[in-house]
Amino acid sequence: MRALPREGRYKILTACVTPRPIAWVTSCLPGGPVNAAPYSFFNVLGDAPPTIALGLLAHGEGRLKDTAVNIRATGEFVVNLVDAAHGAAMNLTCIDAPPEMSEAELAGLALAPAAQVAPPRIATAPASFECRVLYAIETGPHQTAVIAEVVHAHIDDALLLDRERLHIDTPAMDLIARMHGAGWYARQTDLFQMERPRWAERAGPDKA
């Protein structure tokens, strides 16, 4: 892999590691514009504490992206999940706007104050996670892996099947995911279920 150019490595990883959930990250510097940008190098790492990982790649101009600058300076950001209804707006925030431009404003996003962090959340997103950085690891030139704790979660009331038991109607969230190549996405419409096997049932009472 190290013998390949950066573009080649990116093509291999993004073609094979699919589908990838999308973190629509809102961040800002004190007094600065609200930056909104989608990242598909993103996933959950654990629940004690609730932890997510976010991969921030270098800007095409060979510098840190605005999101990375904001997160490194403040240690706070919000991950908003992307449903199909927000696909066009999310795609617009991919634009290579200058740092002084607010992608949230450009895309006409409705913002709402967060409960525990400074950056706002996208009010109409099906779910949003307020995050504080635990570790920021430099993995390459202008490339950062952020590990953060989710300190507050927002879920659209319409998606709660059972508030007390925290049962969420995940299919109704209609989330989209990143796929291979430029501009390819997927919907979560073709689902199947497999029960996790138990050793005691497979081995029988004599071997359990």
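**View 1. Pairing of strands S2 and S6.** Strand S2 (residues 23-27) pairs with S6 in the antiparallel sense over three bridges. Pairing of two strands requires that DSSP finds at least two bridges between them. Strands (E, at least two residues) and helices (H or I, at least four) are DSSP runs, numbered from the N terminus. Tryptophan 24 stands opposite asparagine 80 in S6. The structure is a predicted model, in which local features need pLDDT of at least 70 and side-chain atom pairs count only at pLDDT 80 or more, whereas totals for chains, interfaces and linings use all residues. Residues are numbered from 1 along each chain as its sequence is written, and side-chain values use heavy atoms, with hydrogens and water left out.

**View 2. Strand S6 and its partner S9.** S6 is also joined to strand S9 (residues 127-140) by five bridges, and these two strands run antiparallel. Asparagine 80 has serine 128 as its bridge partner in S9. Strands of a sheet pair through backbone hydrogen bonds, either parallel or antiparallel.

**View 3. Burial of strand S6.** Strand S6 (residues 76-80) is mostly covered, five of its five residues being buried. Buried denotes under 20% relative accessible area, exposed over 50%, and partly exposed the range in between (1.4 Å probe, protein chains only). In a regular strand the side chains alternate between the two faces of the sheet. Here Glu76, Val78 and Asn80 point one way from S6, whereas Phe77 and Val79 point the other way, and all are buried.

**View 4. Salt bridge between arginine 132 and glutamate 76.** The closest N and O atoms of arginine 132 and glutamate 76 are 3.3 Å apart in this salt bridge. The pair links distant parts of the chain, with arginine 132 in strand S9 and glutamate 76 in strand S6, 56 residues apart. A salt bridge is a side-chain nitrogen of Lys or Arg within 4 Å of a carboxyl oxygen of Asp or Glu. Glutamate 76 is buried, with a relative accessible area of 16%, whereas arginine 132 counts as partly exposed at 33% relative accessibility.

**View 5. Salt bridge between glutamate 138 and arginine 72.** The side chains of glutamate 138 and arginine 72 meet in a salt bridge with an N to O distance of 3.3 Å. Because glutamate 138 lies in strand S9 and arginine 72 in helix H2 (residues 66-74), the pair ties together parts that are 66 residues apart in sequence. Glutamate 138 counts as partly exposed at 43% relative accessibility, and arginine 72 counts as partly exposed at 47%.

**View 6. Salt bridge between arginine 163 and aspartate 157.** A search of the whole structure finds three salt bridges, one of which joins the side chains of arginine 163 and aspartate 157 (3.3 Å, N to O). Arginine 163 is exposed, with a relative accessible area of 51%, and aspartate 157 is exposed, with 52%.

**View 7. The open sheet S1-S13-S14.** Three strands form an open sheet in the order S1-S13-S14, with antiparallel pairing. Strand S1 (20-21) and strand S14 (185-187) stand at the edges, each with a single partner strand, so one side of each is left without a neighbour in the sheet. Strand S13 (residues 176-178) is joined to S14 by three bridges. Alanine 177 has alanine 186 as its bridge partner in S14.

**View 8. Arginine 178 over the ring of tyrosine 185.** The charged end of arginine 178 sits over the ring of tyrosine 185, at 5.0 Å from the ring centre. A charge sits over a ring if NZ of Lys or CZ of Arg is within 6 Å of the ring centre and within 35 degrees of the ring normal.
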